[in-house]
Amino acid sequence: MAPDIPAKAAATPAVAPTEPAPWGGLAVHTQSLSKSYGPVTALAGLTMSVPKGEVFGFLGPNGAGKTTAVKLLTGLTRPTSGEAWVLGSPCGDRLTRARIGYLPELFRYQAWLSAYEVLQLHCELTGVPRPAWRESIGRALETVGLIERARDRVGTFSKGMQQRVGLGVAMIGEPELVFLDEPTSALDPVGRRDIRDIIRRLKAGGTTVFLNSHMLSEVEQVCDRVAVVDHGRVIATGRLEELLAAGGVRVRATGLDPERLRGLERFGAVTVAGEWLSIAGLDEKRVPEVVAELVAGGARIFAVEPRHESLEERFMGLLAPGAPGQVGTR
């Protein structure tokens with residue numbers, strides 16, 4: 001067993017504040033939240049909501065204000081203007097901070113400490129009662145898959161293993177909400193898969209996960225809902241299936257009549273490549289109408305495939321010049 005850290009003054013147990021009724025079902029809610037550093041505006045009027053129990057992806061290019069938003073929500077810095085509530089209380093509330101976990105993008109733990117000792121230190125820093133340390137640490141180590149390496153020094157760990165330690169630290173005290181800032185950054189495919197599995201386990205246990213990332217493929221695999229931020233403002237938000245729904249349909253057919261194809265333009269933008277006919281933006285409820293019209297024109301149908309945009313396609317479209325400033329409010 002790792003040696004105990006000398007006890008300091010007993011920490012005051014965190015008492016969950018009563019949640020105001022308007023934000024009772026939300027883990028995070030912001031209203032016109034802004035942050036400026038002198039003449040530089042890092043965040044400009046951020047307004048969004050994060051329901052409890054979901055994995056929420058916060059996406060944007062580098063410099064969009066993602067990390068600034070996380071620092072505001074965790075109470076590490078104060079807003080210039082606007083408001084934010086976390087777990088029903090104003091962001092930065094001391095008692096509420098005991099109910100959240102945080103993995104920053106850039107972190108470093110003492111290389112001479114073991115993983116177990118790092119978690120011991122953070123048990124004390126977060127006010128976990130000493131009798132509960134062993135259970136809390138054991139649960140965190142098991143979740144991140146470090147039980148067998150618990151006594152090894154952090155300085156001997158790979159980048160992926162250190163990321164696991166960081167996730168373990170974020171889970172100390174069984175937080176209701178965990179902020180993860182670029183958790184898969186610089187990891188290999190195996191490491192990214194492991195982090196995804198951990199995020200899914202957190203959600204299964206009822207924890208809300210706020211995932212700050214520009215790794216779109218990772219977000220697409222684990223998130224229930226996303227917000228896209230650019231220049232400090234949310235430009236799109238909603239469930240993934242809502243944001244990616246406007247794809248269209250592809251039909252593989254022969255005997256396509258050019259006159260009939262011109263008539264299909266009322267359904268959406270039509271393109272033809274060989275035997276494949278694509279209609280962008282087509283409502284899936286109208287697919288039978290398209291097929292019926294092609295058959296009536298003498299075409300033979302071999303395949304009908306719905307086409308959905310990838311998150312990368314949607315993301316790049318939102319950031320393109322002239323794109324709508326807000327496409328969702330859910």
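This is a predicted model: local features need pLDDT of at least 70, side-chain atom pairs count only at pLDDT 80 or more; totals for chains, interfaces and linings use all residues.
Lys35 is placed over the face of Tyr37, at 5.1 Å from the ring centre.

Arg252 sits over the face of Phe302, and here the distance from the ring centre is 5.0 Å.

How many aromatic pairs does a search of the whole structure find? The search returns four. One of them joins Phe58 and Phe210. Their ring centres are 5.3 Å apart, with 50° between the planes, and the pair is classed as tilted. Where do these two residues lie? Phe58 belongs to strand β3, which covers residues 55–59, and Phe210 belongs to strand β8, which covers residues 208–213. The pair therefore ties together parts that are 152 residues apart in sequence.

Are Phe58 and Phe210 buried or exposed? Phe58 has a relative accessibility of 0%, so it counts as buried. Phe210 is buried as well, its relative accessible area being 0%.

Another pair is made by Phe107 and Tyr109. This pair is also tilted, at 5.3 Å centre to centre, with an angle of 40° between the planes. Phe107 has a relative accessible area of 18% and is buried. For Tyr109 the value is 13%, and this residue is likewise buried. The cut-off matters for reading these two values, because buried means under 20% relative accessible area.

Together with Phe56 and Phe179, they form one aromatic cluster.

My last topic is the backbone. Which residue in strand β1 deserves attention here? In that strand, which spans residues 26–37, we find Ser32. Ser32 has a positive phi of about 55°, although it is not a glycine. With a relative accessibility of 37%, Ser32 counts as partly exposed.

Leu87 also has a positive phi, of about 55°, and is not a glycine either. Its setting is a loop, the one between β4 (81–86) and β5 (89–90). Is Leu87 buried or exposed? At 1% relative accessibility, Leu87 counts as buried.

To close, I would ask you to locate two places in the model. One is the aromatic cluster of Phe56, Phe58, Phe179 and Phe210. The other is the loop between β4 and β5, where Leu87 lies.

Note on methods:
Residues are numbered from 1 along each chain as its sequence is written. Side-chain values use heavy atoms; hydrogens and water are left out. Helices (H or I, at least four residues) and strands (E, at least two) are DSSP runs, numbered from the N terminus. Buried means under 20% relative accessible area, exposed over 50%, partly exposed in between (1.4 Å probe, protein chains only). Rings of Phe, Tyr and Trp (its six-membered ring) pair if their centres lie within 6.5 Å; planes under 30 degrees apart count as stacked, over 60 as edge-to-face and the rest as tilted. A charge sits over a ring if NZ of Lys or CZ of Arg is within 6 Å of the ring centre and within 35 degrees of the ring normal.
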